[in-house]
Amino acid sequence: MRLAGPLRAVAVVFLVGLTWLLASSILGGDGGSVMNMFFPGEEEESTPEPVQLKYKCGLSAPCPPKHLAFRLVSGAANVIGPKFCLDDKMLISSVKNNVGRGLNIALVNGVTGELLEIKSFDMWEGDVSDLLKFLRPLHEGTLVFVSSFDDPASKLNDEARRLFEELGSTAIKELAFRDSWVFVGAKGIENKSPFEQRMKNSKNSNKYEGWPESLEMDGCVPLRAPLES
């Protein structure tokens, strides 16, 4: 009679083990998953998913020291305005209500990274002299960020194109009606800018009726060393 308790316990363990083996063979799962059916609290430790780090302006990697992270997006047709993020701050966007048809330009201090001015210039019905007055007096080292919206080129004249060339643009020579364009240049740049994209307006390749697709460009712009006094 004294053995009844231990024997009952052994019988229970035997039945649980037999049930586990039968369930495992029938369900085709591993032992852990079957055990979870009977003991839900005993879950296997799951492998944590890798955490995806977010860098400034959504870049895939951080910028080196003394560099500015940026992301430029041109407008889409004449409906969605351009965007400009600098060091994780959105400077130009439709949400901020500071975009305009034509060329959207932000001037940034090339030494400190400080935003100097934001302005848009209508290149369809506007006056190109306003753009010329804006670009002519730029100080040495000033960074110039440009995103197109709708039409960036109809009012451009030879002087305006030359001023952009002096900032490091190569696409400005061919920039035409309703092209998409994003560009980062600098006053006094010695070489051509590595930050420029142009999408030609073409009936055969346009994503939108009458307009090419939007352009997106990001990167890291180096800051200049302060000028010695």
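**Cavities, a helix and a hairpin**

The second largest cavity is lined by Leu135, Leu138, Leu163, Glu166, Leu167 and Lys187. This is a predicted model, in which local features need pLDDT of at least 70 and side-chain atom pairs count only at pLDDT 80 or more, while totals for chains, interfaces and linings use all residues. Residues are numbered from 1 along each chain as its sequence is written, and side-chain values use heavy atoms, with hydrogens and water left out.

Q: How much space lies in the second largest cavity?
A: On a 1 Å grid over the protein atoms alone, a cavity is a set of points where a 1.4 Å probe fits but cannot get out, a pocket is an open set with protein on both sides within 12 Å along at least five of seven lines, and lining residues have an atom within 4 Å of a point. Grid points are joined across faces, edges and corners, and a volume is the space filled by probe spheres set on the points. For the second largest cavity, this space is about 40 Å³.

Q: How many charged residues are in the lining of the second largest cavity?
A: Ala, Val, Leu, Ile, Met, Phe, Trp, Tyr, Cys and Pro count as nonpolar, Asp, Glu, Lys and Arg as charged, and the others, Gly among them, as polar. By this division the lining has four nonpolar residues and no polar ones, and the charged residues number two.

Q: Why do the buried residues of helix 4 line one face of the helix?
A: Helices (H or I, at least four residues) and strands (E, at least two) are DSSP runs, numbered from the N terminus. In helix 4, residues 158–166, the buried residues (under 20% relative accessible area, with a 1.4 Å probe and protein chains only) are Ala160, Arg161, Leu163 and Phe164. They line one face because, seen down the helix axis, they fall within an arc, taken from the directions from the axis to the C-beta atoms, of 160°.

Q: Which residue in the turn between strand 4 and strand 5 has a positive phi?
A: Strand 4 (residues 102–108) and strand 5 (residues 115–121) run antiparallel and are joined by six bridges, where two strands pair if DSSP finds at least two bridges between them. Valine 108 stands opposite leucine 115. The two strands form a hairpin with six residues between them, and the positive phi, about 80°, belongs to glycine 113.

Q: Which strand gives the most to the lining of the largest pocket?
A: The largest pocket holds about 210 Å³ of space. Strand 7 (180–186) and strand 9 (216–222) are the elements that give two or more residues to its lining. The most, three residues, comes from strand 7.

Note on methods
Buried means under 20% relative accessible area, exposed over 50%, partly exposed in between (1.4 Å probe, protein chains only).
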